[in-house]
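Reader: I would like to go through this model with some care, taking strands, helices and charged pairs in turn. Could you answer my questions step by step?

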Amino acid sequence: MKVVALLSGGKDSIYNLLHCILNGHEPIAVASLGPGKGKDELDSYMYQTVAHSGLSLIAESLSLPFYTRIITGTAIHRANSYGSRTGQASSSASTLASESKSGEDKDETEDMYELLRDVKEKEPTVQGVAVGAILSNYQRVRVEQVCSRLGLVPIAYLWDRNQTDLLGEMVRAGMESVLVKVAGAGLGVEHLGRSLKQMEPTLHRLNKKYELHVCGEGGEYETFTVDCPIYKSRIVFKKTTTIISNSDPYSTIAHLHLDECILEPKPNHPQNETLEQLRARLRSLVTVPPMLDRSSLKIYRAVREAYRNSTALEILSLNARASESDRAKILTNSSPSSPTITTIGPWLHFSNLSHYSTNSSSTLPIESETTQLFKSLIQLLSQKSSTLLHLTHLNLYLSPKTMNLFPKINQVYSTYFGTAPPTRVCVGILFPSEEEELGSPRIKLEGIAYNHNQSHDTRTSTTPSPQLYSHSDPTSPLLEMNSEQTDRKNVHVQSISYWASANIGPYSQSVIVNGGKSIYLAGQIGLIPQSLELPLSTTITIEDEDRGFEKKKKEEVEGEEIFAVETSLSLQHLRRVLVVSIGKRGYSLGEGRGGRALCGLCWILRERGGSSGEEGLGRSYGRRLEGARKGWRVGYGFLRRGGKEDALDENEDEEEEEDVVEEDGDEVDRVPLLFVSAEALPKGAKIEWQVCWESGVRDEQDDEGESEVEDDEGSSIIKEVGRTKWLERDPTTQSSDVVLKYSKTSPSSHLLTILVGGSMTCNFSRARRDLPSSSEAGLLSLKVLHKPGLTQEQIDRLVSDLLPDEVLSTPERPTTSFICCEHISTFERDDLDVAVFMNYVFV
């Protein structure tokens, strides 16, 4: 795409521009913001302004038009997100909410909006914005918000890259960037004017001594790039003035004022070079990080081996299959048009929200069905004094044929959310009827919300009244987040990068609530980050570890290679999102390091029809199942520890990482994780991971209330966490017909998910004794996954066997959702007929 380079003149924005060109993007303009005349610096959270007077020479050296604007705003809005969280549709639906604005008035971010709006008006072909953000969420979030308003794509190839790697890459690429500002951390006036190459040893030394950011991400220094491979002329400082703001030898602050600069021609620079010729030249200079890092390559090889050595999955038939007319009519105590909603303390769960058309003679346009669905959702939440702003995660279930309509669904969906939207999983499942009848729903919605303002000791359950689903426009009593609702953070990276797949749309990669303890993650598929495409029928470069990555082999990715790449990439995305959500330092703190999975679903695409027959389909799905199992078993330890992002040193001993896999063996077995078949996945992906995570963050009161007491037999441990008592038994001990799993609880736990599964003939009541009592934990919701051959009565019986008598005797039932799928598996079992996720809240 054609891009405008948002430059400060420093090393990061210029080096990012090199990567943009290397990835096929064409720079057509340079843009920058600076202080007014006679100023070098502003007290800005957003912009580097030192040496701004030399930016016009950079544009001239690149032979690109230069657009600039004076910074008039200040850093007024300093929150984690920027802009209104309320979507356009939500705003128009409310008579009480104030009109949503497209931006924030008088903030310095609005200067960027005005600048890029001018660029877009004068350069109408521009499609993207290149920005050199490495670590600053503050800067990235605001650039992304401005780009979203202008319909531009942000590109930040340096985002979350290892700073040590980046510094070395810049030096090797011929980036001649000199220090124009120093700000403490062992740096002094004598370092001004020195190049990165000259400063590299010093920066590494200061990093070890003072934990200085070697790329200056802590504000320790700023640079100006006087030469690089894409400059046609070199910038020469003819005269500079050193300005010292703080002369303290331990915290010196000083910068260079550029009095006079000139361009010096580069006689050996290629003349009349095309974009393709420039890209070819940069390939030998600029380092591109491998698509799969060291940890992910281990997952890739393990998945390939498991895929190759797997056997066909046996296609089992149920002994008492229901008639076709009864298939999947399985909603307990409610009809398909009556969703349920349950709250326990700040937690809210709703399920089975769908829209039936009143006109059975025609099909409602998918856009209208989506709109009606969200109108119903707004009213449903309002009954519990909650809004769309309290949503943390949404599951969007589509009928198999509806996945092709997803772009239209997403267009409507996006109008209901502003900044910091909830996470989302989208998957195609079996609906009650294989043939989509006129008027029947094609979308089913369920989700969870966290309302910090709700009491922590209340429980309510509601089946909404029928008028909730009328066609009248609903109004919500509360659409703007209460000022006290601060217990929420999110990761929503919309910039194209090498980091992970960008979410250029209305959903976050993660939402963190409950004091940082609970992390809800978006579904992850194996998109290649820099292209946002799946590795389908493309040539992918796989690094050859056996030769220390010095030689690359290229092969057409088919079969096992495609699935192995998708699996390892999707788990890599999951890991990297977790690292950013928890924080790199968080992985070195707490008993769980990076925490643990509370529960998970691995959606595996089931091929439908084709010439291979049932045996061939079973073989294909069985291979994917074994590959996914192996991928999680190898990858879970990396998820908990952050993994290894660098390339493998051929002389390095790999035993440490092998030990990680063995060490986490018990933890892997305990995770309530299901491998289930999907009828369709976004973009035609073959695998999608859906995970809820517990960060391992501990409260002071948790530490004070924790104790462990071994019982007389030594076979179980009572853990006391405040008022919570939970009897831990070995969850890997399975009866012959019932599977029961749950992750090890920690003192910080507020949530617990227990997985119970088995055949349709098993006695689920045998699991009751292993479940928390109502006095220990409230049952918030049930997610029932079942094969299509079961009747409503059969599933009602199985689910009822799990519920305690006090729940069965009251109308306040936990929210229950129903997912129909052909295959349901755990690590140990391939052939479950029914599996139930039981989601508890400690009370």
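Author: What follows is a set of questions and answers on a predicted model.

Reader: In the open sheet of five strands, which strands are the edge strands?

Author: The sheet has mixed pairing and the strand order β27-β28-β32-β29-β30. A strand at the edge pairs on one side only, and this applies to β27 (738-742) and β30 (815-820). From one strand to the next the twist averages 15°. The edge strands are therefore, given that two strands count as paired when there are at least two bridges between them, the ones already named, β27 and β30.

Reader: How do β27 and β28 run, and which residue in β28 does Y742 stand opposite?

Author: Strand β28 covers residues 751-758 and is joined to β27 by five bridges. The two strands run antiparallel. Within β28, the residue that stands opposite Y742 is I754.

Reader: Which helix lies across β28, β29, β30 and β32, and at about what angle does it run to β29?

Author: The helix is α17, which is formed by residues 792-802 and lies across these strands, among them β29 (777-786) and β32 (834-842). Relative to β29, the direction of α17 makes an angle of about 155°.

Reader: Turning to the open sheet of four strands, which strands have one side left without a neighbour?

Author: The pairing in this sheet is antiparallel, and the order of its strands is β7-β6-β9-β8. Neighbouring strands are turned by 20° against each other on average, with direction ignored. Two strands stand at the edges with a single partner strand each, so one side of each has no neighbour in the sheet, and these are β7 and β8 (233-246).

Reader: Over how many bridges do β6 and β9 pair, and which residue is the bridge partner of K181?

Author: Strand β6 (residues 176-183) and strand β9 (residues 253-265) are paired in the antiparallel sense, over three bridges.

Reader: How are α1 and α6 oriented to each other, roughly parallel or roughly perpendicular?

Author: Helix α1 (residues 11-22) packs with helix α6 (residues 163-172) at an angle of about 70°, the axes being 11 Å apart. The residues that make the contact are K11, D12 and Y15 on α1, together with L166, E169 and M170 on α6. By class, the residues of this contact are three nonpolar, no polar and three charged. Because angles of 65 to 115 degrees fall in one class, the orientation of α1 to α6 is roughly perpendicular.

Reader: Is A51, with its positive phi, buried or exposed?

Author: Most residues other than glycine have a negative phi. A51 is not a glycine, yet its phi is positive, at about 65°, and its place is in the loop between β2 (26-34) and α2 (55-62). Since its relative accessibility is 2%, A51 counts as buried.

Reader: Is E211, which also has a positive phi, buried or exposed?

Author: E211 has a phi of about 60° although it is not a glycine, and it is found in the loop between α7 (196-210) and β7 (221-227). Because its relative accessibility is 55%, E211 counts as exposed.

Reader: How many residues apart in sequence are the parts that D293 and R575 tie together?

Author: The structure holds 28 salt bridges. In the one between D293 and R575, the closest N and O atoms are 3.0 Å apart, and both residues are buried. D293 lies in the loop between α8 (275-283) and α9 (294-309) and R575 in helix α12 (residues 560-582), so the parts tied together are separated in sequence by 282 residues.

Reader: In the salt bridge of R629 and D830, which residue is partly exposed?

Author: The side chains of R629 and D830 meet at 2.5 Å, N to O. R629 is in helix α13 (residues 613-641) and D830 in the loop between β31 (824-825) and β32, 201 residues apart. R629 counts as buried because its relative accessibility is 7%. With a relative accessible area of 35%, the partly exposed residue is D830.

How values were computed
Residues numbered from 1 in each chain as written. Predicted model: local features only at pLDDT ≥ 70, side-chain atom pairs only at ≥ 80, totals over all residues. Heavy atoms only, no water. Axes fitted to C-alpha atoms, helices over the stretch in contact; angles between N-to-C directions. Contact = heavy atoms within 4.5 Å. Buried < 20%, exposed > 50% of the residue type's maximum accessible area, 1.4 Å probe, protein only. Salt bridge = Lys/Arg side-chain N within 4 Å of Asp/Glu carboxyl O. Parallel < 35°, antiparallel > 145°, perpendicular 65-115°, else oblique. Nonpolar A, V, L, I, M, F, W, Y, C, P; charged D, E, K, R; others polar.
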